[in-house]
Amino acid sequence: MIDQFINFVIRPPRADYNPDQFLWEKEFSLGGRKYKREDFELKNERGHTLRCSHYTPSSFPDGAPLPCVIYCHGNSGCRADANEAAVILLSSNITVVTLDFSGSGLSDGDYVSLGWHEKDDLKVVVSYLRSNLKVSRIGLWGRSMGAVTSLLYGAEDPSIAGMVLDSAFSNLFDLMMELVDVYKIRLPKFTIKVAVQYMRHVIQKKAKFDIMRLNCLQVSPKTYIPALFGHAKDDKFVQPHHSDLIYKSYAGDKNIIKFDGDHNSSRPQFYYDSVSIFFYNVLHPPGISPTKSKIEKYYDLGDIKVGAGMDENLLYEIIATLRNVTSDTASSSSVPPSISTAKSAGELLADIAPIASLNDPLINGGEELNGHATPQTEDKQSGENEDCYSCTSSNRESWGRCSSLGSDDEITADFVDAASGNQVTVDVLATPLRDNQHTALDSSKDEGKKKAAQITKKSKREKFEKLEALSQRLRLCFQKRINHRRYSSS
């Protein structure tokens, strides 16, 4: 049992994967823009080869250097875990570097050290990026062991612009003692402490680090880098109080987010939105010049052809749903038609869901949602109400901004005609009574106008969200993306 617990610390299950299947392609598209993956190798101080990847735009805007985020995986993870980070950050002109730490994935090494030696691997990657003229500011994003690695390195390098620390543990010894209770190892406390001391000696001999010295609470009071902490509420592996302890003792600007899930579960969208906004604020990437209309990019899938391995029934279902979203009509056909493989994705969508109509309320709504008002809305008064709207990861441009979703002046014509067409007969009595009746009529009209405006806003927002979600499914469907399963920490 002791040997199993030692392997649990320094030799968890190792991720064995094919980079061509589990990483993004050498050249790929996201949100209508083209990106590339550059693989490279580095040597750490112990002579181990580290396999790394760098996701960048195919062409840098104006030749200016871009900020970069280094993603640090967990104890059983690999660089494929950074696929989500690439989707979230690339659209903001933030490049992403990911690596297999020594002892993990395809890199050399026999053991992991839960952050002790991994911080030296991270130092090698940071030094490499510092010498790259196309990289400006550098941020760190770590999960579990990667979060501890980022925190330990950040204490030594204050030039890091910002860190996202997801599910970090505060003290390795305390974590091991908690896991004894979680896994219900029924041994006397004295016996457990003796076993831990034996493990400490074996780990020092094999992995060359002391488990008693791996303590984030010793470095957090001396670290001033802006940090965003995240932790799942139902995490039984690294319990949430670990992040609370680090957060309380952390010296720099900080914020913490709690969300549903466990240690290895997928993170919710609002957490990814917060991460994107955090890095956008601390890294200050250059702006993105729009090359096409806001609504058009949701249909743009490039020149990707419908391949023989495509599930036509699934594809038709998604496209039919897109048509229903844009036209508000249900499909009357119960049998999915065959899909021509000669057409590109863009041509196929153009046939089924054309986007050229400027009178489409969804298009106009999308323009308003993204802060580009139509000519009819440019004359709005500056004092009108605006609703704050946060989009999903493929539309980073509007995150954190307030976008006009319409106002009381944009009530539909049918509603106004109906309101004005109803003739109300009022008996002329005393003047005060007539005034009261007019006041009641005016207030009822105002309430009706507000309700109509709210309905219009809600319908536009629902259409926009549905279109966004369906467009993401289409991109993955056309690109035949292999869903990467995160290697769980053990």
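Reader: How much space lies in the largest cavity?

Author: A cavity is a set of points on a 1 Å grid over the protein atoms alone where a 1.4 Å probe fits but cannot get out. Points are joined across faces, edges and corners, and the volume is the space filled by probe spheres set on them. Here the largest cavity holds about 110 Å³. This is a predicted model, where local features need pLDDT of at least 70 and side-chain atom pairs pLDDT 80 or more, while totals for chains, interfaces and linings use all residues. Residues are numbered from 1 along each chain as its sequence is written, and side-chain values use heavy atoms, leaving out hydrogens and water.

Reader: Which residues are the closest to the centre of the largest cavity?

Author: Lining residues have an atom within 4 Å of a point. There are 14 of them, and Asn75, Leu114, Phe169, Leu175 and Phe237 are the closest to the centre.

Reader: Which helix gives the largest share of that lining?

Author: Helices are DSSP runs of H or I with at least four residues, numbered from the N terminus. Helix 6 gives the largest share, 4 residues. Helix 1 (2–10) and helix 6 (172–182) each supply at least two.

Reader: How many lining residues are nonpolar, polar or charged?

Author: Ala, Val, Leu, Ile, Met, Phe, Trp, Tyr, Cys and Pro count as nonpolar, Asp, Glu, Lys and Arg as charged, and the others, including Gly, as polar. This lining has 11 nonpolar residues, 3 polar ones and no charged ones.

Reader: And how many cavities of 30 Å³ or more are there?

Author: The count is 5.

Note on methods: 1 Å grid on protein atoms, 1.4 Å probe; cavity = no way out; pocket = protein on both sides within 12 Å on 5 of 7 lines; lining within 4 Å.
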